[in-house]
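Colleague: I would like to go through this structure term by term. Please set each value against its cut-off.

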Amino acid sequence: MTFTKLAPVALGGVLLTSLMASASLAQQPPPAAAPGQPRDGRGEWRRPDPEAMAARRADHLRAALQLRPEQEPALKAFLAASQPAARPAPGDRAAMAAMTTPQRLDAQRARMTERLARFDQRAAATKKFYAQLSPAQQKAFDTLAPRGPGKGMGGRHGGHGPQGG
């Protein structure tokens, strides 16, 4: 056999081997994610456990601010006021679609008023907690990263700060 007749056979063998190898890899299930943890992009994403996240945040604040035992009630009140609001029920979207434009605007105003009231509660709790801190603790609290979706001016939502462009 000459090389020109042998080359297609060899190439076919290499292709067949690579196809079989990739097929066997595709049949293996993806590694299972730990309970309550998001998966690695190959499946359903699960929301992290809010209670575990709140506990980690409380521990982080205790450590970063070096809180004293008598400051614990103020921390608990601050954390309780900082809890996120409940997500709207899925049926709310269908109800909004059935409304007229003036009704939707009134419903949006009502939601905005609720959000503003929640903000006022969080701001008051934050100020009350801040007042319980020593000057050194206040300085440490001031340097902690802002919370929330935008994460401050340079956050992932494209703020106009030095990092945000």
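**Contacts, helices and rings**

Modeller: Start with Leu 61. Leaving aside neighbours within four places in sequence, Leu 61 is in contact with Gln 66, Leu 67, Leu 75, Phe 78, Leu 79, Phe 141 and Leu 144. Contact means heavy atoms within 4.5 Å.

Colleague: What are the ground rules for these values?

Modeller: This is a predicted model: local features need pLDDT of at least 70, side-chain atom pairs count only at pLDDT 80 or more, and totals for chains, interfaces and linings use all residues. Residues are numbered from 1 along each chain as its sequence is written, and side-chain values use heavy atoms, with hydrogens and water left out.

Colleague: How many helices and strands does the chain have?

Modeller: The chain has 6 helices and 0 strands. Both are DSSP runs, numbered from the N terminus: H or I over at least four residues for helices, E over at least two for strands.

Colleague: How do you know what helix 2 should span?

Modeller: The expected span is 1.5 Å times one less than the number of residues. Helix 2 covers residues 50–65, which is 16 residues, so the span should be 22 Å. Its end C-alpha atoms are 22 Å apart, which agrees. Just after helix 2, Gln 66 takes a positive phi of about 50 degrees.

Colleague: Which residues of helix 2 are buried?

Modeller: Ala 58, Leu 61 and Leu 65 are buried. Buried means under 20% relative accessible area, exposed over 50%, and partly exposed in between, with a 1.4 Å probe and protein chains only.

Colleague: What do the buried residues of helix 2 pack against?

Modeller: They pack against helix 3 (72–81), helix 5 (101–131) and helix 6 (135–143).

Colleague: How many aromatic pairs does the structure hold?

Modeller: It holds 4 aromatic pairs. Rings of Phe, Tyr and Trp (its six-membered ring) pair if their centres lie within 6.5 Å; planes under 30 degrees apart are stacked, over 60 edge-to-face, the rest tilted.

Colleague: What makes the pair of Phe 78 and Phe 141 edge-to-face?

Modeller: Their ring centres are 6.0 Å apart and their planes stand at 70 degrees, so the pair is edge-to-face. Phe 78 lies in helix 3 and Phe 141 in helix 6, so the pair ties together parts 63 residues apart in sequence.

Colleague: What about Phe 129 and Phe 141?

Modeller: They form an edge-to-face pair, 5.8 Å centre to centre, with 65 degrees between the planes. Phe 129 is buried at 1%. Ring pairs link Phe 78, Phe 129, Tyr 130 and Phe 141 into a cluster.

Colleague: What makes up the largest nonpolar core?

Modeller: That core has 11 residues, including Leu 61, Phe 78, Phe 129 and Phe 141. Its largest share, 4 residues, comes from helix 3. A nonpolar core is a set of buried Ala, Val, Leu, Ile, Met, Phe, Trp, Tyr and Cys residues joined through side-chain atoms within 4.5 Å.
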